[in-house]
Amino acid sequence: MAPLNVIIFGETGAGKSSIVNMLVGSEVAPISSKAVGCTFQSTSYLANIGGSEFKLHDTVGLGESEKGTVPAKDAVVNLYSLIRSLDDGVSLLIYCVRGPRVKHDTVKNYTMFYEVFCQKQVPVVIVVTGLENEEPTMESWWVENEASYTKAGMSFWGHACITATRGKFDVFRAEYKESAKSVKQLIQRSCRSSPWQMERTSWFSTVVKSTWNKFASVFDLPLATVSRTLTYALTLIGIPKNEAEIVANVAEVACRRGDQVRAAEYK
Ligand SMILES: Nc1nc2c(ncn2[C@@H]2O[C@H](COP(=O)(O)OP(=O)(O)OP(=O)(O)O)[C@@H](O)[C@H]2O)c(=O)[nH]1
Ligand SMILES: [Mg+2]
């Protein structure tokens, strides 16, 4: 059986690559200590968890931290290309956030990955890092903070409260070991065994049509630009330009019509 694809997303510095290393069991993913550039690239790593093979996709999220920004346009193209390129489908989304402080500026990442691109068809779980000093247990963080995520419109199929670092001189060794165990269990519990696959022919127009208001607001781009960007994304992955343009135009026209209908309803 092909390895199940797991996509890890979240803002810069949240601990995505550290989680990959924790799951693989060695330092395969470079850990960043400084700002990322303007590229949106994902790298994949194989991990064996409980005897099953998983392919972990370490992504760079929409840049929303003070450290660096990834242009929305690049983020759209790259995420689209990633999901589209996964011939075996997607089984799980892991949303990685850095605790202990709650930040909701990453709600855009959640919306883009879970709602817009995966059409809520792939389970999404949250892994909160940075909890090595949490008292009485790392898990108690979730009890106190779950409600604030629900309030911000983010819900999850499961969670893990962890530290993704061993700390200086291995001080968090025990917490790290416990963390690895809980993330592995979370993955095993939550993964779709029959992966979700992007419906290649209709996905583009379905997504743009059904969610274009959200789409435009997530990307801070006008519809025409979103449509042009996705046309470009389609050509990048080998769809002939004229075909890509037709798909994009059809979707855009449908969106505009849908918008007029909605506007009329509100009158
Ligand atoms: N204290 C603490 N530090 C952590 C934890 N997880 C990661 N770090 C540190 O935070 C920094 C960023 O971690 P990364 O794993 O590179 O974060 P990332 O999400 O991959 O960042 P980008 O690749 O830039 O998107 C590194 O210096 C890590 O050692 C954690 O649980 N606790
Ligand atoms: Mg990283």
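Buried means under 20% relative accessible area, exposed over 50%, and partly exposed in between, with a 1.4 Å probe and protein chains only. The model is predicted, so local features need pLDDT of at least 70 and side-chain atom pairs pLDDT 80 or more, while totals for chains, interfaces and linings use all residues. Residues are numbered from 1 along each chain as its sequence is written, chains are lettered from A and ligands numbered from 1 in the order in which they are written, and side-chain values use heavy atoms, without hydrogens and water.

**View 1. Overview of the chain.** The secondary structure comes to eight helices and six strands; helices (H or I, at least four residues) and strands (E, at least two) are DSSP runs, numbered from the N terminus. Their order from the N terminus is β-α-β-β-α-β-α-β-α-β-α-α-α-α. Of the 267 residues, 50% count as buried. The accessible surface (Shrake-Rupley method, 1.4 Å probe) is about 13,100 Å², and 51% of that belongs to carbon and sulfur atoms. Contact means heavy atoms within 4.5 Å; among contacts between residues at least 6 apart in sequence, 74% join residues at least 24 apart.

View 2. Two strands pair if DSSP finds at least two bridges between them. Strand β1 (residues 4-9) runs parallel to β3, with five bridges, and I7 stands opposite H57 in β3. Strands β2 and β3 run antiparallel and are joined by seven bridges; A47 has F54 in β3 as its bridge partner. These two strands form a hairpin with two residues between them, and G50 in the turn has a positive phi of about 60 degrees.

View 3. Helix α5 (residues 173-190) has 18 residues and spans 26 Å from first to last C-alpha, close to the 26 Å expected at 1.5 Å a residue; the expected span is 1.5 Å times one less than the number of residues. Its buried residues are Y176, S179, A180, V183, L186, I187 and S190. Seen down the axis of α5, they fall within an arc of 130 degrees and so line one face of the helix; the arc is taken from the directions from the axis to the C-beta atoms. Cover for these residues includes α1 (16-24), β2 (43-49) and β4 (92-98). Exposed residues A174, K177, K181 and R189 lie on the face turned away from the buried side.

**View 4. Cysteines C96 and C191.** C96 counts as buried, at 1% relative accessibility. C191 is buried too, with a relative accessible area of 16%. A search of the whole structure finds zero disulfides (pairs of cysteine sulfur atoms within 2.5 Å).
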